[in-house]
Amino acid sequence: MSRFLKERLQGFDSYTPGEQPKDTEYIKLNTNESPYPPSPEVISRLKETDFMKLRLYPDPTGCQLKTKLAGLYGLEKENIFISNGSDDILNFAMMAFNGDDDVTVIPDITYSFYKSIMELHDISYETIPLRDDFSINAGDYVGLCKNIIIPNPNAPTGLTLSLSEIEEIVSSNPDNVVLIDEAYVDFGAQSAAGLVRKYDNLLVSQTFSKSRSFAGGRLGFAIGSPELISDLALIQYSTNPYNVNNLSLILAEAAVDSNDYYMKNCRHIEATREWTSGELEKLGFRVIPSKANFVFASHPEVSGDDIYRILKEKGILVRHFTQDRIRDYNRISIGTDEQMEMLVVRMKEILSESQSKGE
Ligand SMILES: *Cc1c(COP(=O)(O)O)cnc(C)c1O
């Protein structure tokens, strides 16, 4: 920290991104990336791309990509906003929709980036505890008259709300923005995207990072009423007008063209998730029923921290959180079938090693 950092940010606790180690070849199950390659169309578009395009600024409106995405969701391009990953959307939304008197509500256990971004912008927020089984009680969010952010599925639990629960939350807070973060929606939850025609206070954010093998390409998008979308554009133009680079725009268009490929991968990941959950349960794990590309699991005999640490020693990286309620859990991304078979083998070793120690 320099002596120039403004006072309010001294001691600021920033978001901690998942580890991206470069030293060892880990089986990387810690940041929910797709284990599958980009589609053949994306790869061939990358090879064909005229490198002179890098010389020019990108289209700041991303018009062509918006049009394609609107087609995918049966909406108009005025309903779509694109950005440099969906964290960018969260940031812009915080800047756009939170006045001095506004309070934003989030679940107590959720994507920890929300807290960081709100604290950065000095936004007041409140948390609502999940139920004991880690599910969100939709009723807690009905008629709050506060801005709301809920990921559906929630992270790191993988649990979902139904579309009718989301609709109840949105319709009962008509004068506040309800942001539904659908980073993991393609793995089995219901999207609220269609509701934006009916409710002008609903903003849905999605990303190409998880379901479209594009975490390194940084492409997120928001779906909302044309008015909400133009508010986000106002912030974009005033902070970073060319936030999505030329190459990502071109490749993301190819990704939308090959949507079937990605949705097929999602169905495969869902099957691998169910297999993994079953195997972990056989080993005595408590596995939260997930609709995302990860599972959240704890074991009654070995602490979450030990599992994280020993798995890492054995070459598998998962995500461990230190918040009290979830410190015994690890979030495990769903990789390929082979990677998950290896995970199960390593977990068996860990359990039998800890048993022989205990005896
Ligand atoms: C990964 C993730 C995001 C952001 O992903 P980007 O790579 O910035 O698009 C947003 N919300 C949740 C809940 C996530 O897990």
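# Pockets, ligand and cavities

Reader: Hi! By class, which residues make up the lining of the second largest pocket?
Author: That lining has seven nonpolar, eight polar and five charged residues. Asp, Glu, Lys and Arg count as charged, Ala, Val, Leu, Ile, Met, Phe, Trp, Tyr, Cys and Pro as nonpolar, and the others as polar.

Reader: Thanks. What sort of model is this?
Author: This is a predicted model, where local features need pLDDT of at least 70, side-chain atom pairs count only at pLDDT 80 or more, and totals for chains, interfaces and linings use all residues. Residues are numbered from 1 along each chain as its sequence is written, and side-chain values use heavy atoms, leaving out hydrogens and water.

Reader: Okay, back to that pocket. How much space lies in it, and which residues lie nearest its centre?
Author: The second largest pocket holds about 460 Å³ of space. It is lined by 20 residues, and Asp13, Ser112, Lys115, Phe321 and Gln323 lie nearest its centre. A pocket is an open set of points on a 1 Å grid where a 1.4 Å probe fits, with protein on both sides within 12 Å along at least five of seven lines, and lining residues have an atom within 4 Å of a point.

Reader: Which elements give two or more residues to that lining?
Author: Helix 4 (113-120) and strand 12 (319-320) do. The largest share, three residues, comes from helix 4. Helices here are DSSP runs of at least four residues, strands of at least two.

Reader: And the largest pocket, how much space is in there?
Author: About 610 Å³. By class, the lining has 12 nonpolar, 11 polar and seven charged residues.

Reader: Where does the ligand sit?
Author: The ligand sits in the largest pocket, with more than half of its atoms within 2 Å of the pocket's grid points.

Reader: Which residues are around it?
Author: Gly85, Ser86, Asp87, Tyr111, Asp181, Ala183, Tyr184, Thr207, Ser209, Lys210 and Arg218 are around the ligand, each having a heavy atom within 4 Å. By class, this shell divides into three nonpolar, four polar and four charged residues.

Reader: How much of the ligand does the protein bury?
Author: The protein buries 93% of the 380 Å² that the ligand exposes when taken alone, using a 1.4 Å probe.

Reader: New topic: how many cavities of 30 Å³ or more are there?
Author: Two. The largest cavity has about 50 Å³ of space, and its lining is Ala93, Met94, Phe97, Asn98, Thr104, Asn147, Ile148, Ile149, Val177 and Leu179. Helix 3 and strand 5 (147-151) each give two or more of those residues.

Reader: How do they divide by class?
Author: Seven are nonpolar, three polar and no residue is charged.

Reader: And the second largest cavity, which residues line that one?
Author: Among them are Pro58, Asp59, Pro60, Tyr242 and Val244. By class, this lining has six nonpolar, four polar and one charged.

Technical notes
Points joined across faces, edges and corners; volume = space filled by probe spheres on them.
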